[in-house]
Amino acid sequence: MAMLSIADKKILNIIQTNLPVCPRPFAEIGKLTGLSEAQVIERINHLKETGYIRRLGPFFNSDKLGYVGTLVAVKVADGYMAQVAEVINGFAGATHNYERKGKYNLWFTLLAPDAKTRDMLIEKVRHLSGVESVMNLTSHKKYKVNVNFKLK
């Protein structure tokens, strides 16, 4: 990967937590970084193309929107990981899906519009070929961790 320029680092620091909510956010970022709006857009596109940015978008408070979420741990038999992960990735509410070491070797988070839908999706996973066991680890209290990378 190419080295990040000072301007790239400034842009990344801003868009992590302070993306302006206005008609021309990239022009506002330009004012803060000494770049033109077009230059900011070009740098962000380059950072996305080179893998420094995976996604640019908002985080919503899913609870306030009425959604229910859970963490799900799945024990997947050898040889079935890819097909089980593919089904889970097809769920609109699957926000993260990771293969892990250990007895429960696939973990994913799931958001659904209601408990009935959440439970139905978990049951679908439970009945997939290669799935040996499923744990629904619904949280009782949310502790939100916010990670920001200060690039210098």
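**Chat about the chain**

Trainee: How much of the chain is buried?
Mentor: Buried residues are 28% of the 152 in the chain, where buried means under 20% relative accessible area, exposed over 50% and partly exposed in between (1.4 Å probe, protein chains only). Keep in mind that this is a predicted model, where local features need pLDDT of at least 70, side-chain atom pairs count only at pLDDT 80 or more, and totals for chains, interfaces and linings use all residues. Residues are numbered from 1 along each chain as its sequence is written, and side-chain values use heavy atoms, with hydrogens and water left out.

Trainee: OK, and which pattern does the chain follow along the sequence?
Mentor: It reads α-α-α-β-α-β-β-α-β, with five helices and four strands. Those are DSSP runs numbered from the N terminus, helices being H or I with at least four residues and strands E with at least two.

Trainee: Is that spread out or a compact globule?
Mentor: The radius of gyration is 20 Å, well over the 15 Å from the globule rule for 152 residues, so the chain is more spread out than a compact globule. The radius is taken over C-alpha atoms, and the rule is 2.2 Å times the number of residues to the power 0.38. Along the principal axes, the C-alpha trace spans about 55 × 35 × 25 Å.

Trainee: Switching to the strands: which ones does E1 pair with?
Mentor: E1 (residues 68-76) runs antiparallel to E3 (residues 106-112), with seven bridges joining them. E1 also pairs with E4 (residues 131-137), again antiparallel, over six bridges. Two strands count as paired if DSSP finds at least two bridges between them.

Trainee: New topic: is Thr33 buried or exposed?
Mentor: Thr33 is buried, at 10% relative accessible area. Thr33 is in helix H2 (residues 25-33). Not counting residues up to four places away in sequence, Thr33 touches Lys10, Ile11, Ile14 and Val40, a contact being heavy atoms within 4.5 Å.

Trainee: What about Thr138, where does that one lie?
Mentor: Thr138 lies in the segment after E4 and is partly exposed, with a relative accessible area of 34%. Leaving aside neighbours within four places in sequence, Thr138 is in contact with Gly69, Thr70 and Arg118.

Trainee: How far apart in space are Thr138 and Glu28?
Mentor: They are 40 Å apart, C-alpha to C-alpha, and 110 residues apart in sequence.

Trainee: Last one: what share of the contacts with a separation of 6 or more comes from residues 24 or more positions apart?
Mentor: In this chain, 62%.
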